[in-house]
Each structure stands twice: as C-alpha cells, then as structure tokens.
There are 4 protein chains.
Amino acid sequence: MPATARKPDASRRSERSRRAILDAALDQVGETGYEKLTIEGIAARAGVGKQTIYRWWPSKAAVLLDAFTAVSEDAAQGQHELPDTGDLEADLKEVLRATVDELNRDVYDRPARALAAAAVTDPALAEEFNRRVLGPQLDLYVERFTAARAAGHIADDVDVRVATDLLVGPLAHRWLLRTLPMDHAYADRVVELALRGIAA
Amino acid sequence: MPATARKPDASRRSERSRRAILDAALDQVGETGYEKLTIEGIAARAGVGKQTIYRWWPSKAAVLLDAFTAVSEDAAQGQHELPDTGDLEADLKEVLRATVDELNRDVYDRPARALAAAAVTDPALAEEFNRRVLGPQLDLYVERFTAARAAGHIADDVDVRVATDLLVGPLAHRWLLRTLPMDHAYADRVVELALRGIAA
Amino acid sequence: MPATARKPDASRRSERSRRAILDAALDQVGETGYEKLTIEGIAARAGVGKQTIYRWWPSKAAVLLDAFTAVSEDAAQGQHELPDTGDLEADLKEVLRATVDELNRDVYDRPARALAAAAVTDPALAEEFNRRVLGPQLDLYVERFTAARAAGHIADDVDVRVATDLLVGPLAHRWLLRTLPMDHAYADRVVELALRGIAA
Amino acid sequence: MPATARKPDASRRSERSRRAILDAALDQVGETGYEKLTIEGIAARAGVGKQTIYRWWPSKAAVLLDAFTAVSEDAAQGQHELPDTGDLEADLKEVLRATVDELNRDVYDRPARALAAAAVTDPALAEEFNRRVLGPQLDLYVERFTAARAAGHIADDVDVRVATDLLVGPLAHRWLLRTLPMDHAYADRVVELALRGIAA
DNA sequence: GCGTAAACGAGACGGTACGTCTAGTCTTGGG
DNA sequence: CCCAAGACTAGACGTACCGTCTCGTTTACGC
C-alpha cells in the first residue's frame, strides 16, 4: 500500500483564515505586483501562520487562482449567459466593451495578469485556470454563437469554438502582450471583422 | 543634474562571455524551464562571473530576450517578408502552419513562453519584446495584407493591423493559455474564417 | 521610542545547531586560519543554514569568541584559582610555563590568535573578550598577588594589577608579535625579574 | 631552469604613484579603519590602477607597513637613541610617557593597530614588522639598558632584552587588548616596578 | 462539561538565489 | 614597459523566501 498522503480535515478549516489569506493575496498582488507576492508576505498580512497556507494550497499561484475566482464570480454575479437581443453584433460589442473596461481597471488587471503569466509557464495551473475561470467565460460565447447559428444569423459550417477564438484572441493578445492600446473602438473593429467572417 | 549611472565601456566587452551567457541561458531555460532559470546557474554554466551578467543586463528576462532575439533572427534568416504567390489564403495557411510547428518544438517554445510570461507582468520588458521580436513579425503580416489590399483581394475599409490581430490573436491565445490543442487544422480554420471577414 | 530590533526566541534555539556551529568554527580556524574563516564555510561544515548563524551572532568574531570561550572553560575546568604553595616564585613559574605550553599548541594558538587580532581592531569585541576570557584569567593573578601581599611576600605599596601586567605583558607581547621565541626559560626569567621588582 | 619570477623594473617605477598609494592607504585606514581598507579603495583614492599596487606590494598589509614605516621614521626623526641623563628612571618615564601619548593619537593609533592586528595572524608580516619597525625601537631600550648596566645602575646578571620586555610588554598588552586605560600614571608605575626588579 | 486531536499563529530550521562587493588577473590604449 | 582604467573569473557577503518542522494555543467534536 502506498504511503497515504496527509489530508487535512476540511470540515475543521478556519473560514476566517481562508478569507484573510485570499484577501491578503489579492491586496498584495494589486499593490506590489506578482513578482513581490510571497507566501510569507501573504501570511504576515493575513495574520496567519505559513503552514496554514501550505496546508490548503499547493502554490501561491493556486492561492491567487482561488482569490481571483471569488472576485470573478462576484463580477459575473447572475450573468450566466450573454445578452441576446437578436442583434448579434450589438450584443457582442456590448460584451467586449465591458471586457475592455474591466481589463483596464487595476484591481482586476493585476491579479488576472499575474494568473495568466503563471499559467503561461505552468501547465497544471493553466489547466485549472481554464477549467474554472476562462473556460466558463468562453462557453458563454459558444452558447451565444450556437443560438445565433440556430437562428440562421451565422453560417452553418462555422465552428463556434473557433469563432469564439476569433473574437477573444485578438483582445487577449493585445491585453497580455500590450502590442497596442486596447479600447472600445478596437473592440468594435474586432467584432465587425469577425462577424463578417462568420456571417451567414 | 542627477547622479550619472556607471556605464561600462562597451568597446572592451568580451564577445566570448556574451555568447557563452546567451547560450547558457537558452540551454538552461530549454532544459529546466523559466522557474529554475537563475543568474547563478547561467553564470556557472557559461563559466563566467555573476558580475559580468549584472554589468550588461538589468534582469534575467533581459538576458533571455537577447538570447531569444538571436535565435529568432537565425530562424527567420533572409525571410524578411511573407510569401506572396497571389493566393492569400494559401500563403497565410503556409505561414501559420509553420508557426504552429515552431511553437510545438521545445527549443523554441520554452524560451518564447518564458519571455511572454515575463512580458505579461513586466511592461518595460513587454515594450522591448514588442519592439525587437513581436513587432517585426507582425509587420510582415501588415505588409502582406497591404499588398493584398492593393491587389484588390481584400476590402478597402479593412484596418490591416486589426486584420493581423484577427489572424495571430487566436493562435497566440491558444498557445499562451493552452485553452485547446493547436495544430494545422486549427490554423487553417482560423485563416479561412478570418479571410472571409476581410475579403473584398 | 526607537524601532525595536527583532529578537529571536531563544527558548526555541536548536542546541544541536549551536554546538555544530561552534565546533565547525573552531575546526575551520584551526585548519585554515582566520583569513579563510567564512560564515558560509562554517555553515556548510556545520550542516546549517547561514541564517541560523546570522540569527544568533552579530559577526564571525562573535562566533569564534563563543567557540573559544567553551574551549577555554574546558581547559581551565575546576581551576578557579592559581596554586598557592606559599612559594610565590615557584607557583608563578609553574603557571607561566603551562601558559607557554598552551600557547604553543596549534589548537589553542590559532583561535586565540584570531580572536586577539580581531579584538585589536574591534573595540566592542575587545570589551567582550576581556570580560569573558582575558579578565577572569588576569583576576587569578590579582588574587594570588593579593594573598601574597597579605602574607608579607610582596611590598605593601605594590599595585597588584600592575604587578599582573608586569608578568603577563611580556609574554603576551612575545606571543602576539613574535618578537622572539617564547619558552620555559623565558617564562622563568620574566618571573624572576618581575618578582624582584615587587618583592617585599 | 625554473620559471623566473616576473620582476618589474624598479628603476622605471613612478615615485608619484608610490607616494600617492602610501598616502591614500594611511588616510583611508585613519578614516575608516582596517576592515574597510581595500586595494580598490586605495587605488581609487590614489588615482592609480590596481595593477600598480599589485605590481609592487604583495598584500595590503605590506602597503600599510611601508606607509607606516615612513610615518614612523618621520616621528622618530633624528632620535636614534634614548635620552641618557644618568637618571635611568626619569629617562624611561619620559620615553614611555611619550609613547603613551603617541598611542593615544588616532593618526598614529589606527595604522599601528591595523598593522599589529595583521601581524598577529600573519607570521611573514610579523617578521617584516619586527625587522623594520618594532625591532629598531626595542633596540634603543637594549642600548640604554646596556649603558646603564655598564654604569652600574642595574644588576650585572640582568638580561637587557628581557628587561626591555618587562617595560614594553605591559604597555603593549594594555594598548593592543585594551584591558584597562593607559596613561602617564600607568607608565610611571610600570617603570618603577620594572626598575626595582632590575636595579643593582 | 471534559478530554483529545487537529487546525491554528508563530517562527526556527536547512537551503537556494539574490544582487553587491572585493580579490587578484588580464587586456587595452596612452606616454 | 610602466601606467590608469576597468572588464574579467571567482567567491563571500548579508538578505529574502522557500518549504518543512516543531512549538504552545485555540477550537470543536465525541464521550
């Protein structure tokens, strides 16, 4: 029998500590950036022992992912699908403009950027990040495109997942690598061009 | 006048050391990844004093950028423009397929990913990265699209820079965040959809 | 109120590490001399992190002082006073000859010399060295001389502290600066001349 | 034939550089102490290349020895023998009081202390120091005692070299290890006791 | 209520790497 | 060929965090 890994008893977990750690991580990354985010720093700021972090999370990126997930869910509260007014272009422009605005706010940008950077070089984290944060968001586009296809607004042969990438990819690229500034006008241009490509 | 920073005399720089450092950095990142890339490790592998690295580069990301730039230039040697057979779709598919192949080779993927991750959280590095590596590559697409527009193959009102993003963004997104696997078929789908959007 | 210095919790200190560090320091200085005594070397030899040394000692001289104090106490174990056979000259010759022998053994000479050298240019260390090592030894002479004066063996007007210096100074001088070799005969001559000066 | 050691041509040596180096070493040690005396610092302060120091001196202690020798010779200018008024006690008190005064002046104390400390752990330097600085000074006492013995002022069986140590040792001991403050009164006491020991 | 076992705050521990400093050597260009 | 200047390899410095490991101290459940 292989050595059984020590598993802490989750039912006895201190909710107070969990929250304090998540908040501290978010605050710290927002103030000083990912480079200066340390486990010791989080523990000190949260008034928590280091072991309490190591007990429940495998890495500081995992802490940040949990912290960001909470924020992300707050931000998207109730919105479990994209708007569907029947006007696809208008709907997408609205959503993408909102996304641009969000990415331009420091409190959202800093932790998101930190997570993305970590995911770029850490496949395991990337998998988790996709499963819990990015995937659900992209699914919303897939659903909206599927509905639009059913309504005959976009071509039948279009792969809705690729269509999603066509929309999201350019924005993500500009955001992550800062090739050029990112604003509402850019979001509109992307929507227009992408839609021309997939329109019926 | 502010205190002038000590500037080393570049004319006395040891070319042998410079190359050894660049090679060591590339080898190290290829073998063990960015997390385990250390200045001490590079210095030891290159047979060089640490100070020689600190003298000429501000950070290990900067070393890697220099190292990668050399590789990148070797890879693109002579190819200062995209192919132009008159068939835009075929040309773009060829280029994007080649890009996909390149990004799937570890020797290229590892340092590129490391640099991208660093750039995501370091604006100064991002600026440099764009200026020296990414920018010139994107310019090739811009030129090709400009030629295609002049030839009447794509619509007059299309912003060639946005068109470039439409092509490159989806690929970069999948590569960086590993949302889904990236292969020739995906490259083809992206080209097809994007071209529909911008065709005349 | 000035910023209070972080004080480690002495009750949690690892006795094993403390001993290992002291032993390693003593061994190292005995083998390679003070010049090549490094904190890193001590830490490595003791199988200890550097921080554990920096946490408990302010300098490597302080480590050596602690290490030497232990040795010194072992050497003097039980001998909390000088012999008193009633024959002052014989007693002093015995003690000084023993001192000469001790100073000619490498295991004692090396660390003692290292400490003395450090004390010469570091007043704070000198103070500590005097308080903990040299002072108590000199006090033994002072006590013996005081007893001898009470017994009428030396003149009433003699300052016993100066008398001690008259005995110890010449030996220390020869030992530290190696002006001339130091042996039993020399010890005897010093005792004879010094005693003539202070005899009743 | 064994490899001949590189010997620089002393006839081409720059006197200007030699003086500048000696002055810089003395100034530096006087200002910041021996710990912070570095070859680089001396070179920079003297406006001299490091190699010029390494070419002519084997160690920084050797530089300091040369520098101090010059000062020492200036201080003792013309005084190639101790005063001899016929009153040995008075003569010695005068000389020792002067020595005490000198050792209490920083400009003399600092480099002398640095040299002594270096000599304590460096036998080669100690030999050189004794030959060039300390030896000649002690010889003056030996000569004075020899004269006194010839005049019948001290006992015939007294070893004048040991007598010298009896005088100088206590002072040196207090000075080097700072066991107790050193002043004129102390010098007088030492002379009185020592002389009683050696008087005819 | 009362043990008792696990989570907790705290922080010492063995380590690794940091970025800086100095040693001693080597190279270049000027006189 | 000495010299000023300073780049080079080498390696110690003292600091910051890592992840592990005790320490007592809560805390909450089963008896």
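Which helices each supply at least two residues of the surface near DNA strand E? They're α3 (50-56) of chain A, α2 (39-46) and α3 (50-56) of chain B, α3 (50-56) of chain C, and α2 (39-46) and α3 (50-56) of chain D. Helices here are DSSP runs of H or I with at least four residues, numbered from the N terminus, and "near" puts a C-beta atom, placed from the backbone, within 6 Å of the strand.

This is a predicted model, where local features need pLDDT of at least 70, side-chain atom pairs count only at pLDDT 80 or more, and totals for chains, interfaces and linings use all residues. Residues are numbered from 1 along each chain as its sequence is written, while chains are lettered from A and ligands numbered from 1 in the order in which they are written.

**Around DNA strand E**

**Chains C and D**
- Here 38 residues of chain C are in contact with 38 of chain D (C-beta atoms, placed from the backbone, within 7 Å).
- On the chain C side, α8(C) gives the largest share, twelve residues.
- That side has 23 nonpolar, seven polar and eight charged residues.

**Chains B and A**
- Chain B puts 38 residues in contact with 38 of chain A.
- α8(B) brings the largest share of the chain B side, twelve residues.

**No contact**
- Chains B and C don't touch, with their nearest C-alpha atoms 16 Å apart.
- Chains B and D aren't joined by any contact either, and their closest C-alpha atoms lie 15 Å apart.

Note on methods: Two residues are in contact if their C-beta atoms, placed from the backbone, lie within 7 Å. Ala, Val, Leu, Ile, Met, Phe, Trp, Tyr, Cys and Pro count as nonpolar, Asp, Glu, Lys and Arg as charged, and the others, Gly among them, as polar.
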